[in-house]
Amino acid sequence: MAQGKPSPATFEDLELQPESFWFYNPENPAGSFKSGSFTFNNGWSEYNGFVYWDAFAYSNLTIGISDLNNPDYQFGAVTGKGVDNSSTFGVCFYSDYNIPIIDLDEAATVTGLYLTNSLYTYSSITKGDSYSGGPFETGDYLKVIFMPYSEEGIDKTKTVEFYLADYRSANSAEHYIVTDWTWLDLTALGSVNSITFTFEGSRNNEWGLLTPAYLCLDNLGSVGPVSGIVTPDMAISSIQYTNGVVRIQTSLDNYDVNIYSAAGTLLRKENLSGDGEINISSWAKGIYIVEVISSGKRDIKKIAK
């Protein structure tokens, strides 16, 4: 039987009032919700009149990095919107008591999804807090690790990792925190019935991770921004980024350079010959994708500014 192609989870098929969010069903402590061909688990408990939730929620709040004092910032994305200016996106809070599980209607290879930081995590990393300590320093990091899930448990032989923030380099110019929607290819997981993930970071105590284990997600199972980001057709150039300048070293007489945002929006296009440079020093910090194309061949490199 041919494997079906799942319908993407865009979260736009979920009903929400403007500037609101859903994080639990008061009638079902162990619930779920569905978008496209994907079902997302959700759990909650109440203590002293306060509701604690875990696993998945969804939101259409338009608060962003300038709203870190908003009391609902755990349901906000640093982008202030979904992918391609859409309204609704998913939010995850990881808990060992109710790990996040995404179920498919039927087994399939999931293309990938877009990820970005929640405002809660962003605030902790950039400003610090009483729980995790001061702002991130050299050596710190936070990443999420995706794995197949089944009734037998988690398959740790297949993993896909994504750094939400990476300060491990001794060169501070290479430190970054994700502030845009960034595509993550999940095809390496193979055909799956369910997917789960966990967080890993540099700041821990005896009970576990101290950095808030939140992330925002969108367009699960959709088409990525640039096909083949990881594996180019053929090496035709050297693409480097230093001090605000993208440098291309090549012997090509005629080639195009495209620079995309992490969400796949084309930001700049240049036609060059021989070695070339493109100055992006005035651009905002974030992840960018540089693509060099000539005669049907291409090189692609992801850079952190």
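Two strands pair if DSSP finds at least two bridges between them. Strands are DSSP runs of E with at least two residues, numbered from the N terminus. By that rule, β6 and strand β13 (residues 191-201) pair in the antiparallel sense over five bridges. This is a predicted model: local features need pLDDT of at least 70, side-chain atom pairs count only at pLDDT 80 or more, and totals for chains, interfaces and linings use all residues. Residues are numbered from 1 along each chain as its sequence is written, and side-chain values use heavy atoms, leaving out hydrogens and water.

**Strands around β6**
- A108 stands opposite V192 in β13.
- Strand β3 (residues 38-47) is joined to strand β6 (residues 101-109) by three bridges, and the two run antiparallel.
- Here F40 stands opposite I102 in β6.

**The four-stranded sheet**
- Four strands form an open sheet in the order β20-β19-β22-β23, with antiparallel pairing.
- Its edge strands, β20 (266-272) and β23 (297-304), each pair on one side only.
- Strand β19 (residues 255-261) pairs with strand β22 (residues 287-294) over six bridges, in the antiparallel sense.
- V257 has V292 as its bridge partner in β22.

- F50 lies in strand β4 (residues 50-59).
- F50 counts as partly exposed because its relative accessibility is 46%; buried means under 20% relative accessible area, exposed over 50%, and partly exposed in between (1.4 Å probe, protein chains only).
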